[in-house]
Amino acid sequence: MSDVIKFSVNNKKYEVSAENGDMRLVDYLHEELNLTGTKFSCGIGACRACTVLVKYEQDAPLETTLSCLAEIENLNDAEIFTVESLGTENNLAPIQKAFLENFSFQCGYCTPGFLIAATGLLERLKNNPVNEHKLDAMIDEWVGSNLCRCTGYVRYTEAIKRIALKTLETLK
Ligand code: FES
Ligand code: FES
């Protein structure tokens, strides 16, 4: 095995010594890259607040990955995307705007996980459009296991569906 692990985060390349390969991705994001948008909560794979998107191989699709469970050593050559890869404060991504406009969150702690998982869904739809009647099941598949202790889930799923429908519309 090589003595360095190479990967990218939000399109910037990084290398980590293989000696530190057992570091959790969420710790690396927070402590080494100061990317604190990805949240840490349960630490056991239950809440999905720590979700990021990962492309494990060049032509592979983006997958949601729980950064509290993912160890750096399993991310060699991966492309990782965190919530910081979305819009900026003055130029929000459509899904961020939709969550704001639909009052989808209160404390916001779970929001990065919902945002990045929803982004994965939208990217999947761009590459593999589905019939609209399949959308609810897809939304459930991508964000149905994310936990929110404040607002519940209806306002999140409404906002995601609105943007997903717009995405499908633009592909017609
Ligand atoms: S922190 Fe809860 S699933 Fe990762
Ligand atoms: S908005 Fe507070 S946990 Fe979801």
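Helix 2, residues 94-101, packs against helix 5, residues 154-170, at an angle of about 140 degrees. The axes of the two helices lie 9 Å apart. That angle makes helix 2 oblique to helix 5, because angles over 145 degrees are what count as roughly antiparallel. This is a predicted model.

The crossing also has a hand. Helix 2 passes helix 5 in a right-handed crossing. Which residues of helix 2 and helix 5 make the contact? Helix 2 brings P94, I95, A98 and F99. Helix 5 brings Y156, A159, R162 and I163. By class, the residues of this contact of helix 2 with helix 5 divide into seven nonpolar, no polar and one charged.

Now step back to the whole chain. The chain is divided into domain 1, residues 4-84, and domain 2, residues 94-170. Taken over C-alpha atoms, the centres of domain 1 and domain 2 are separated by 21 Å. The two domains touch. The table sets out what each one gives to the contact.

| Domain | Residues in the contact |
|---|---|
| Domain 1 | 17 residues |
| Domain 2 | 15 residues |

Which strand gives the most to the side of domain 1 that touches domain 2? Strand 3, residues 51-55, does, with three residues.

Key. Residues numbered from 1 in each chain as written. Chains lettered and ligands numbered in written order. Predicted model: local features only at pLDDT ≥ 70, side-chain atom pairs only at ≥ 80, totals over all residues. Axes fitted to C-alpha atoms, helices over the stretch in contact; angles between N-to-C directions. Helix = DSSP H or I, 4+ residues; strand = E, 2+ residues; numbered from the N terminus. Parallel < 35°, antiparallel > 145°, perpendicular 65-115°, else oblique. Left-handed = near helix turned anticlockwise from the far one by under 90°. Contact = placed C-beta atoms within 7 Å. Nonpolar A, V, L, I, M, F, W, Y, C, P; charged D, E, K, R; others polar. Domains from an automatic or database assignment.
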